[in-house]
Amino acid sequence: MVYEEDNTEAAEKRHIISILLENEAGALSRVAGLFSARAYNIESLTVAPTDDPSLSRMTLVTTGTDDIVEQVCKQLNKLIDVVKLVNLTKDKHVERELILIKVKAEGEQRDEVKRIVDIFNGHVIDMTDSTYTLEVTGDSEKIDAVLKALKNITMLEVVRSGQLGMGRGDKGMV
């Protein structure tokens, strides 16, 4: 899904913040500590090295008013490890999340699970005689819809990655 700019100022809303930071021990801890010290919640957090091994890309999701999140972003920018920070919520962006779901699938349920996975363009990535492990990617609403569609199937394990986001267009973080 592509998200457009949202101009509501005072209401609390979900913010996706993309941070390019030095790939050093303690960098993640300093970012998380800033949120913790101010009693702000991080709803989702993903971090991985970039194509430059000296840098990591962190995507975090939090909820708050535009003013509060702007203050948090200013404080994050002051951290020595932060190279660049973008609040993706302010501009057009794309976002994706990955979910892995292990379900009990025996007899007729196997066909039902396969049908649901096909509807959501997912994949069966592992199977046994009694289980399927499913993989689905999409925006948060799609991931929630998959879980709702599987509500009558016994879920043995669910792992969500959290959102990843990237601005649209020809500009990048570096």
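Which strands each supply at least two residues of the lining of the largest pocket? The points below take up this matter and the overall architecture.

1. The model is predicted: local features need pLDDT of at least 70, side-chain atom pairs count only at pLDDT 80 or more, and totals for chains, interfaces and linings use all residues. Residues are numbered from 1 along each chain as its sequence is written, and side-chain values use heavy atoms, with hydrogens and water left out.

2. The protein contains 4 helices and 10 strands, taken as DSSP runs (helices H or I, at least four residues; strands E, at least two) numbered from the N terminus. Their order from the N terminus is β-β-α-β-β-α-β-β-α-β-β-α-β-β.

3. Along the principal axes, the C-alpha atoms fill a box of roughly 55 × 35 × 35 Å. Of the 174 residues, 37% count as buried (under 20% relative accessible area, 1.4 Å probe, protein chains only).

4. Taking contacts (heavy atoms within 4.5 Å) between residues at least 6 apart in sequence, 75% join residues at least 24 apart.

5. The largest pocket holds about 330 Å³ of space. Its lining comprises 14 residues, of which V86, G167, R168, K171 and G172 are the closest to the pocket centre. A pocket here is an open set of points on a 1 Å grid over the protein atoms alone, where a 1.4 Å probe fits, with protein on both sides within 12 Å along at least five of seven lines; lining residues have an atom within 4 Å of a point. In answer to the opening question, β5 (82-87) and β10 (164-167) are the strands concerned.

Technical notes. Buried means under 20% relative accessible area, exposed over 50%, partly exposed in between (1.4 Å probe, protein chains only). Grid points are joined across faces, edges and corners, and a volume is the space filled by probe spheres set on the points.
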